[in-house]
Amino acid sequence: MGEAQHGGQFRPLEDGDPKVVASYRLAARLGSGGMGTVYLSYTPGGHPIALKTIRPELGEDPEFRRRFRQEVKAAQRVQGLYTAPVIDYDTEGTQPWLATAYVPGPSLHSAIAEHGALPVSSVLLLLAGVAEALKVIHAAGIVHRDLKPANVLLAADGPRVIDFGIARAADATALTGTGVSIGTPAFMSPEQAAGKPVTPKSDVFALGQVAAYAARGTGAYGDGPSHAVLYRIVHEEPDLSGLPGELGFIARCLAKDPDGRPSPAEVISLCQDASPTQLRQSGSWLPAPIGADITQRTSASAELLAARAKASEAPTAAQEHEDGLYGVRAVEGGVAGGGEHEHRAEREDIARAGHAA
């Protein structure tokens with residue numbers, strides 16, 4: 001589900017969206033992609049989560065189910081500072097889903113698109129943080145397979161890598177027959193583009209691509225049709241023109257031979273060597289406009305939760321009767337919606353929160 005914009009603005013639920021998944025009442029739509037849809041919800045204690053529902057056709061594929069079950073169990077072992085931890089999941093229901101901690105920040109992709117390339121100091125902290133995330137992901141036996149700017153979220157205290165391992169569950173299943181590619185061409189490794197086995201070193205190549213994109217504002221292999229980009233990745237050298245000298249080591253991550261790429265631990269050391277001061281993640285590691293965006297998104301999530309709580313405190317008699325007839329009810333892992341009055345109020349709350357975000 002890498003295409004989903006977890007860090008995007010809130011949008012009201014659409015007519016075909018569920019209102020409840022298991023015990024989680026959905027508050028807003030965060031995004032959608034080739035593997036499913038991502039929603040904003042809250043734990044009983046009020047902590048925001050990103051709940052991802054899997055496309056129905058994938059849920060019907062036994063091989064996808066088997067791999068998704070394996071990857072979710074492995075992902076539970078990933079407890080790094082720079083990953084979004086798994087909070088809850090259902091791999092056996094009619095529609096599989098996975099809930100992770102919600103990160104109230106933009107994706108690297110949207111931040112670069114809106115604000116331009118990052119300064120060297122931010123890139124070094126980004127690169128070191130994502131490399132640390134890869135260390136714990138690989139230690140859990142997972143290869144990300146789809147590391148890209150849309151799967152790196154920018155939080156106040158450092159980057160967060162999301163959707164690790166989920167792409168493997170979809171590989172060689174029904175999804176590959178629907179015209180949806182596994183992985184993103186511009187950030188694939190040469191071996192992945194050539195259909196060869198993917199290893200942790202493939203993620204390091206993608207890491208180099210992500211770093212070049214953050215530092216230059218464009219990918220190292222250009223734009224254009226997917227087949228043209230993949231050809232350049234396999235056969236040509238990366239375009240690193242304009243890359244600051246301190247970041248020259250990124251070229252090592254983009255070696256055609258996987259054995260020529262550094263490990264995530266070596267990448268962290270290279271970042272430390274390139275930094276004039278000791279690397280320290282803090283609330284000011286990003287340019288001010290991106291920091292302000294993070295603050296606004298955090299406030300919007302809190303405001304939406306408060307508005308929903310206030311709306312549920314004193315329902316009118318008419319609402320209570322309506323809820324009794326049409327209230328939210330769980331059905332086979334799916335949902336049915338509440339009254340129109342409640343839905344209209346929720347849409348207004350989400351519109352206000354989304355505008356603030």
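A crossing is left-handed if the near helix is turned anticlockwise from the far one by less than a right angle, and right-handed if clockwise. Helix H3 passes helix H7 in a left-handed crossing. This is a predicted model, in which local features need pLDDT of at least 70, side-chain atom pairs count only at pLDDT 80 or more, and totals for chains, interfaces and linings use all residues. Residues are numbered from 1 along each chain as its sequence is written, and side-chain values use heavy atoms, with hydrogens and water left out.

**The chain overall**

The protein chain holds 13 helices and eleven strands. Helices (H or I, at least four residues) and strands (E, at least two) are DSSP runs, numbered from the N terminus. Of the 357 residues, 52% are buried (under 20% relative accessible area, with a 1.4 Å probe and protein chains only). The accessible surface comes to about 15200 Å², and 53% of that belongs to carbon and sulfur atoms. Areas come from the Shrake-Rupley method with a 1.4 Å probe. Among contacts with a separation of 6 or more, 65% join residues 24 or more positions apart. Contact means heavy atoms within 4.5 Å.

**Two helix pairs**

Axes are lines fitted to C-alpha atoms, for helices over the stretch in contact, and angles run from 0 to 180 degrees between N-to-C directions.

| Helix pair | Angle | Axis separation |
|---|---|---|
| H3 (residues 108-115) and H7 (residues 200-216) | about 20° | 10 Å |
| H4 (residues 120-139) and H10 (residues 264-274) | about 160° | 8 Å |

The angle makes H3 roughly parallel to H7 (under 35 degrees). On the H3 side, the contact uses Leu108, His109, Ile112 and Ala113; H7 brings Val210, Tyr213 and Ala214. Six of these residues are nonpolar, one is polar and none is charged. Ala, Val, Leu, Ile, Met, Phe, Trp, Tyr, Cys and Pro count as nonpolar, Asp, Glu, Lys and Arg as charged, and the others, Gly among them, as polar.

H4 is roughly antiparallel to H10 given their packing angle (over 145 degrees). H4 also passes H10 in a left-handed crossing. H4 contributes Leu124, Leu127, Ala128, Ala131, Glu132, Leu134, Lys135 and His138, which meet Pro264, Ala265, Val267, Ile268, Cys271 and Ala274 of H10. By class, this contact has eleven nonpolar, one polar and two charged residues.

**A buried strand residue**

Ala28 lies in strand S3 (residues 28-33). Ala28 is buried, at 0% relative accessible area. Its C-alpha atom is 5.5 Å from that of Leu13, 15 residues apart along the chain.

Definitions and conventions
Parallel < 35°, antiparallel > 145°, perpendicular 65-115°, else oblique. Buried < 20%, exposed > 50% of the residue type's maximum accessible area, 1.4 Å probe, protein only.
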